[in-house]
Amino acid sequence: MSITTPLTGTLSITFISASGLPRKQLMGKQDPYVRVHFGEKKLKSKVHENGDKTPEWNDTEKLELNEYKEHMISFKVKNDNLGRDDDIAVIRMPIYALLSHQGQEREYPLFKTTKNKSRAGSIKLKAELKGTGGLPTSNGASEWGIESAQFGSGSVQVDVKGYLNVKASICQGVLHFKGSEPLSAFFGFDPLDSHDKALKIKYMKQGVMHETEIKENHSETKIELAKVSVHGQVHQPVIQATATTVPIQQFGQMHVQQPQVQQYGQPQVQQYGQPQVQQY
């Protein structure tokens, strides 16, 4: 069963700016623009004449998608020449990294080649899909207590909260990360090839907030979640998670104030959720 679905609708990409670009033109200033390859779909930003190492485009271009299954997208910054255009820098990443932050300006690293090994500045982009498809949405409370889940490297982060919520429902609350299966294989995409990446997940279980980090290559790990209502009430008992977790905050416990001495010389003890008792 595939959890991700093809994209249908209008994909808008705003090319905002770039910085720290390497110089590929020997004389004069570079005229940078961005070329996008998204499977068979292509886009091109306007050219910033003499933009050199810090071009600004503020240009929005659109693609129409219909049951589109491609999920990797590349942004290549090029120098506009009279002859052959120079390749300046590039990044290749999942479209989900852009759509996880819809309508938000985000800065992404650029590299000399698609192998993503040598940095070559950064690019600021914004994207929005008016339509359907992609990863399951993560709006609202998770029925399995998942507060947040991000998979990625550096600024290239994919929101996988909705994905894991669906996965937990399929697997009866158990998120099983096999030691023989990298996270990129588990999710079906690689946020940033040739870079260290990790899954960071926060979830509520039995009134306690846990935080777990799992690396791309990891030992066998299971996280057993408790199904909760929208009010945080546990519906079924669960076994303690085998993944290493860090308690963040505990809810639903009694908090006792320090005794306060009254003028009659007797302490007043107050417990939240219990009747107030005074002795004289």
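Helices (H or I, at least four residues) and strands (E, at least two) are DSSP runs, numbered from the N terminus. The model is predicted, so that local features need pLDDT of at least 70 and side-chain atom pairs count only at pLDDT 80 or more, while totals for chains, interfaces and linings use all residues. Residues are numbered from 1 along each chain as its sequence is written, and side-chain values use heavy atoms, with hydrogens and water left out.

**Exercise 1.** Find which residues of helix 2 are buried, and what covers them.

*Solution.* In helix 2, residues 161-170, the buried ones are Lys-161, Gly-162, Tyr-163, Leu-164, Asn-165 and Ala-168. Next, look at the cover, judged by contact (heavy atoms within 4.5 Å): it includes strand 9 (146-153), strand 10 (156-159), strand 11 (174-177), helix 3 (183-187) and strand 12 (198-205). Finally, follow the chain onward, where helix 2 is followed by Gln-172, with a positive phi near 55 degrees.

**Exercise 2.** Describe the largest nonpolar core and say where it lies.

*Solution.* A nonpolar core is a set of buried Ala, Val, Leu, Ile, Met, Phe, Trp, Tyr and Cys residues joined through side-chain atoms within 4.5 Å. The largest one has 59 residues, and Phe-75, Val-160, Leu-164, Phe-187 and Leu-199 have the most contacts inside it. Because domain 1 (7-132) and domain 2 (145-224) both give residues to this core, it lies between them; the domain bounds come from an automatic or database domain assignment.

Conventions
Buried means under 20% relative accessible area, exposed over 50%, partly exposed in between (1.4 Å probe, protein chains only).
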